[in-house]
Amino acid sequence: MNSPIDTAVIFIFSAFVLFIGMLFVRTGRNMKSFFAGGESVPWFIGGLSLFMSFFSAGTFVAWGAIAYKYGWVSVTIQWTMCIGALITGLWLAPKWKATGALTAAEFVKERLGLTVQKTFIYIFTLVSLFIKGSVLYPVAKLVSVSLGFPLIHSTIVLGIMMIAYTAVGGLWAVMVTDILQFVILTAAVFIILPLSLNAAGGWEAVTTKAPDGFFELLNGEYTFGFIIAFTLYHICYIGGNWTFVQRYTSVDSGKSARKVSFLFAGLYLISPIIWMLPPMIYRTINPDLIGLDTENAYLKVCQLVLPPGLMGLMLTGMYFSTSASANTTLNVVSAVFTNDIYKGMINPGASDKKLMSVARLSSLVFGIGMIVIALLVPAAGGIVEVVLSIGAVTGGPLLAPALWALFSKKLTGKATLWITGSTLTVNLLFKIILPVTAGFKLSRSEEMLLGIGLPIILLAINEWLLSRKTATSSDYDVYQAVMAQRKFDFLESSEEEKTEARRQNQFGLRVIAGALAFTAFLLFILSALTTIGSVLTAAIAFGILLTAIIPWRASRKISLVSTEIKDQILHS
């Protein structure tokens, strides 16, 4: 399938998103505005951006393959993300905001010491590049297969487009394009679901032809033990991953940070059902896919039911979801490098102009690294194996100690290094060394339980042992002094900086409103060109047009003059 209409849709929407990102080229004047949106991002923008940052085309390829093979358990697996977000909203997100740190790495340095920070930075950067590089591969594969472009060329071109606006516009560019990507992807999925159900002969035909256990909550290797372990993993991942922490620290308060996480939880309660039904339905239409071909189930059902134009829209949504996920990681990895390595270790006296140059250059370099890794994914056994394996091996050792440190007054940097190092070693032993040398391999659930459970057990034992010796650690005492100074610095922050943050918010909301209106206009055109689903496409376009009113009205409520200055003017 290589329709000129599909190709045109992909390039028009891609160019439009790139243009939107470039509008923010002048908004990032310093690190706080470039990497944290001036710490005043509206919570609903942060929540939608977090939601888009969490998944990619890998959601449709990896989880789509599980949905095709095992059925409803693919939804159950993703509901663990909802539980993780609820726990994060209740306890973790407000804690992160209360630290006052620009990045999670900055908190690690202040709470656990420079040596721990350096170690975590190296691991986090490597893991992030592998995970987000791996999710670039499936969308390049989808575009390559559906439009007939070479896979390597598709990967490189999509990767370059993906990193362009991140390197230029910073966090606001990422979040605004996240919102636009969310709208396009949602529109595409809402179109494909009724069309695929109609192609299968209706819901009764689907339930009749589905394999035994296909609509059970648990199925195959995804057992109750795996779900429990994956829930614990997602509490650590959503609550502690440095990429997502940025969403909690970029809003104005702990209450807003909690709302960011709760919005994510609500979306992940509903959206997995909508996403996973199409490949499940396709299993009843064509049950013959095996092996890595099951990763193409989503693409196959799209090709079966979508006419030219709407197919391009679906591919655009898949590509945009990947770019949203990868761009968030690029922004955070660049923030960590610029703030915690370059400024913290190499050039502490660097000017804002110099730091911005380093930030943009590092985004470009790390983006190129993701492209290279994406080209290597097929040799690693496919996207499902890559994502789950990296999560099992590194999730607990890297994320659990920092989360523990948010609450513990006793955890030390030395204990953190020992726990992280030992648990990483054990996980690598059972994941790589023993399967090769002794033929011993853990099941998926055992692998995940070991990866997330062992660090938590060791942290609890360490806390118990230290509770018998001291009330607080010396590392915590140092951290308290840093927090006291940060509160003073916050009170001394300039009115000019606050005004710039409000101006950035107002501009971002207006860009979102304009982008939504333009997207609705393009969908109206597409509804006139398509032969199937035209009424549904037009209805979705109308809904998007109405939605554009919300950010526009919100932007008009933002005053560039603070309440304090207004009072001074009125009483002068």
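**Exercise 1. Locate lysine 557 in this predicted model and decide whether lysine 557 is buried or exposed.**

Step 1. Lysine 557 lies in a loop, with helix H22 (549-556) on one side and helix H23 (563-570) on the other.

Step 2. The relative accessibility of lysine 557 is 69%. The cut-off for an exposed residue is over 50%. Lysine 557 therefore counts as exposed.

Step 3. Lysine 557 also belongs to a surface patch of positive charge, together with Arg510, Arg553 and Arg556.

**Exercise 2. Find the helix that holds isoleucine 540, and state which residues isoleucine 540 touches beyond four places away in sequence.**

Step 1. Helix H21 covers residues 534-547 and includes isoleucine 540.

Step 2. Isoleucine 540 has a relative accessible area of 17%. Buried means under 20%, so isoleucine 540 is buried.

Step 3. Leaving out residues up to four places away in sequence, isoleucine 540 is in contact with Ala187, Phe190, Ile191 and Leu523.

Step 4. Valine 183 is 357 residues from isoleucine 540 in sequence, while their C-alpha atoms are 9.8 Å apart in space.

**Exercise 3. Describe the whole protein: how many helices and strands does it have, and what share of its residues is buried?**

Step 1. The count is 23 helices and zero strands.

Step 2. Of the 572 residues, 58% are buried.

Step 3. Among contacts with a separation of 6 or more, 85% join residues 24 or more positions apart.

Key:
Residues are numbered from 1 along each chain as its sequence is written. This is a predicted model: local features need pLDDT of at least 70, side-chain atom pairs count only at pLDDT 80 or more; totals for chains, interfaces and linings use all residues. Side-chain values use heavy atoms; hydrogens and water are left out. Patches are made of residues with over 30% relative accessible area and no salt bridge: like charges are joined within 9 Å, nonpolar side chains (Val, Leu, Ile, Met, Phe, Trp, Tyr) within 5 Å. Accessible areas come from the Shrake-Rupley method with a 1.4 Å probe; for residues, only the protein chains shown count as cover. A salt bridge is a side-chain nitrogen of Lys or Arg within 4 Å of a carboxyl oxygen of Asp or Glu. Lys and Arg count as positive and Asp and Glu as negative; His and the chain ends are not counted. The place of a charge is taken as NZ of Lys, CZ of Arg, CG of Asp or CD of Glu. Helices (H or I, at least four residues) and strands (E, at least two) are DSSP runs, numbered from the N terminus. Buried means under 20% relative accessible area, exposed over 50%, partly exposed in between (1.4 Å probe, protein chains only). Contact means heavy atoms within 4.5 Å.
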